[in-house]
Amino acid sequence: MARYIVRASGAAGPVEFQQRLTIDQALEKAKELKEAHFTHITIHNVLNGVEITDLEALMDATGNTESS
């Protein structure tokens with residue numbers, strides 16, 4: 001099973017969440033960061049190095065766009 005880390009930029013600078021997350025957990029964390037006005041949010045696949053940058057499209061595709 002692939003594991004992911006989340007990276008983002010905010011007013012205080014870049015942040016990286018080092019805990020390894022499932023894709024669903026990573027998407028939830030990305031959604032929280034977006035709602036907290038972070039920008040340049042990416043999800044990084046730890047196993048193969050692929051970085052997902054188009055989170056809007058991925059969230060739309062998975063139906064993970066609802067706001068709390």
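In what order do the 4 strands of the open sheet lie? The order is 2-1-3-4, and the pairing is antiparallel. This description refers to a predicted model.

The chain holds 2 helices and 4 strands. Along the sequence these elements follow the pattern β-β-α-β-β-α.

**The sheet**

Strands of a sheet pair through backbone hydrogen bonds, either parallel or antiparallel. In this open sheet, with its order 2-1-3-4, strand 2 (13–21) and strand 4 (51–52) are the edge strands, each pairing on one side only. Strand 1 and strand 3 are joined by 5 bridges in the antiparallel sense. Arg7, for instance, has Thr42 in strand 3 as its bridge partner.

**The core**

The largest nonpolar core consists of 12 residues, among them Tyr4, Val6, Leu21, Ile43 and Met59.

Helix 1 gives the largest share of the core, 4 residues. Leu21, one of the core residues, is in contact with Ala2, Arg3, Tyr4, Val6, Ala26 and Lys29, leaving aside its neighbours within four places in sequence.

**The whole chain**

Of the 68 residues in the chain, 28% are buried. The chain exposes about 4,400 Å², and 51% of this area is supplied by carbon and sulfur atoms. Among contacts in the chain with a separation of 6 or more, 49% link residues 24 or more positions apart.

Definitions and conventions: Residues numbered from 1 in each chain as written. Predicted model: local features only at pLDDT ≥ 70, side-chain atom pairs only at ≥ 80, totals over all residues. Heavy atoms only, no water. Core = buried A, V, L, I, M, F, W, Y, C linked by side-chain atoms within 4.5 Å. Buried < 20%, exposed > 50% of the residue type's maximum accessible area, 1.4 Å probe, protein only. Contact = heavy atoms within 4.5 Å. Pairing = 2+ DSSP bridges. Areas by Shrake-Rupley, 256 points an atom, 1.4 Å probe, with all protein chains shown as cover.
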